[in-house]
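User: Please take a close look at one part of this structure: the disulfides, and the strands and helices around them. I would like one connected account.

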Amino acid sequence: MSQLRPAVFAVALTLAIATPAQAATGPSITIENNRTQPVFSYADAVREHVYVESPVDSDQDGNLDKVRVDIIRPKESGPGLKVPVIIDESPYYDNSGRGNEGERKVYDAAGNVVKFPLFYDNYFVPRGYAVLNVDMLGTTRSEGCPDIGGKADVLGGKAVIDWLNGRAKAVKPDGSPAVADWTTGKAAMIGKSYDGTLANAVAATGVEGLKTIVPISAISSWYKYQRSNGVVYNYDYASWLANYIDTDPEPKCQAVRDRMDAEDGDDTGNHNPFWAERDYIGGLLGDVSKVKASVFVIHTVNDLNVKPDNFSAWWKALADRNVPRKIWVGQTQHVDPFDFEGRRGIWADTLHRWFDYWLHGVSNGITQEPRADVEIGPAQWITQRDWPAPFAAKASLRPAPDGSLGLKPAARNSTASFTDVAMSETDMVADVGTANPGRVAFTTGPLPLDLRLSGTPTADLRVKLDKPTANLTALLVDFGADTRVDWRRGQGITTLTEEDCHGESTAADDACYKKVVTNLATRPLEIVARGWIDVQNRQSLSQSTPLPVGTYGTVKWLTLPQDYTFKKGHRIGLVLAGTDATYSGETGTGANVTVDLAKSSVVVPFVLGTPLADVPQDKARFHGPDRIELPQPEPEFQFF
């Protein structure tokens, strides 16, 4: 098929999806330049809604919950011209809205949506796709209660895929049966944050008909979203988020929220059945081994909302099972690729080709291209065969009692100590040449050349405590003035007044959005990688094992992943401390932590070709500025 001329291919595809007895009138799917063309009228598209029956009764009212599905599709679609489907399932259509401009659904007098948030409908409906904006169960115009990643969330979305393929029931607003006779049954799910999380979750069920997902800044494990190796980020977060996204009167779902608070295990921070139900890599409702869809991951390494270990763990699990996949890795915070500076047109075209390949069967070569697009500097992108950089190698950086950080282990019996107190990251990295009872710090000498980190560092410490447990923080820091992406301010972008357009418009729903630019800031340092662990979870996330007081034990864990270049002349720093008050709601245990420096290190994946042996050790303690004040990130206790 890939060798057919575009016009011949268009005719062949039309014949394949239309029956002679019910040939479609008007335009049909057209492919030119290896892309579907905008031949269908957006203004004349069918706008309708149905209610799909789910298999759950999340609000316990004795009736199975119905999922509200708002549909826009080409007027010509039907039994004679079946089209594939792009789904954005979201809990945010009537509260925070979607996208950088916070768009919400707008309805006509008949209850049909006339303004669909984001550009997907404007762009893809004219090219022969249906677009479905699905209200997650318990939100907007769907029934039920939000389950925050659990059974209702997952099975509600799966029911929509089942309905598209004739395996579930739905009704029209008048109660009559609704049949999706206008679709091929081939579906994609896309969305940012909670929306992308639902895509991951539904794909992990292995549902037939879901051909591809595009999770953007999405959760793969809700435990990772609210925990790090036993350290709690926010208390009672699931119930808080459930209450935020549910615009029904509070009493309706109070019992569900109370159950979440009772089951979330905040008192220990341990992994338990509550979190296992909400784990899509290897959980109770689904796991990565069941994924039949291809996956196009987009995430940013400075996303401290949906932290990037959510994408790195998911990506590795997909790779281990050879799932067809593609990835973009950015440098801003919780930002959609539509708002990556200078990438909007590239994003629209790449997404177009991805959907054409997986949903329309257009042989356009997208799966033969480099798998990864990576931002290596402000609005500076490269492509590479995979992510992390396949040519990266691990190097062990070792702390020494004089405050240096190098490649050689410290002498036997060398130690450093600090107390586990709640401390902000600003305080942890300030005045690193001065003793601080709440942290210890180590730095290399000036780097003789640029050194790129690509992947996930590992903190590998040998410690003893004078109490049963302590929270530990490991920070990998770039000490050196530079202009970097200011991801702390406005998520890393500033919205302009000028617009550009991607797709067709109506008076009620235009395809034009404000442009953005990347925020930059010149600062004396950057915290590159962060990692946290509760020492009593060093052996298991589901069981607490106190470290015998006064006895050394190994505590080894992964930090958050990164892709970052340390510039020539800068110094790499390692800061070890207790409870990170910037990202955790916990208080410090007050334990004194003694680190065996001879048997401790941080293992960092550096790109090959850099002569690591030439990185000098700093024999004198590095004396930084008198005080470094980092702008504080936006509060972690936030919605997506």
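Analyst: The account below starts with the disulfides and then turns to the sheets.

This is a predicted model, in which local features need pLDDT of at least 70 and side-chain atom pairs count only at pLDDT 80 or more, while totals for chains, interfaces and linings use all residues. Residues are numbered from 1 along each chain as its sequence is written, and side-chain values use heavy atoms, with hydrogens and water left out.

A disulfide is taken as a pair of cysteine sulfur atoms within 2.5 Å. By this rule there are two disulfides. With the bonded cysteines of the protein chain numbered in sequence order, the pairing reads 1-2, 3-4.

C145 sits in the loop between strand 8 and helix 3 (151-164), and C253 in the loop between helix 6 (237-245) and helix 7 (254-263), so the pair ties together parts that are 108 residues apart in sequence. Helices (H or I, at least four residues) and strands (E, at least two) are DSSP runs, numbered from the N terminus. Buried means under 20% relative accessible area, exposed over 50%, and partly exposed in between (1.4 Å probe, protein chains only). C145 is buried at 1%, and C253 is buried at 2%.

The other disulfide is formed by C501 and C512, whose sulfur atoms are 1.9 Å apart. Its S-S torsion is about 95 degrees, so it is right-handed. C501 belongs to strand 25 (residues 493-501) and C512 to strand 26 (residues 512-518), 11 residues apart. C501 is partly exposed, at 46% relative accessibility, whereas C512 is buried at 15%.

Two strands pair if DSSP finds at least two bridges between them. Strand 8 (residues 130-135) runs parallel to strand 5 (residues 83-90), and six bridges join them. I87 has L132 of strand 8 as its bridge partner.

A further open sheet has four strands in the order 21-30-24-27, with antiparallel pairing. Its edge strands are strand 21 (439-443) and strand 27 (520-534). Strand 24 (residues 471-485) and strand 27 run antiparallel and are joined by 13 bridges. In strand 27, E526 is the bridge partner of D478.
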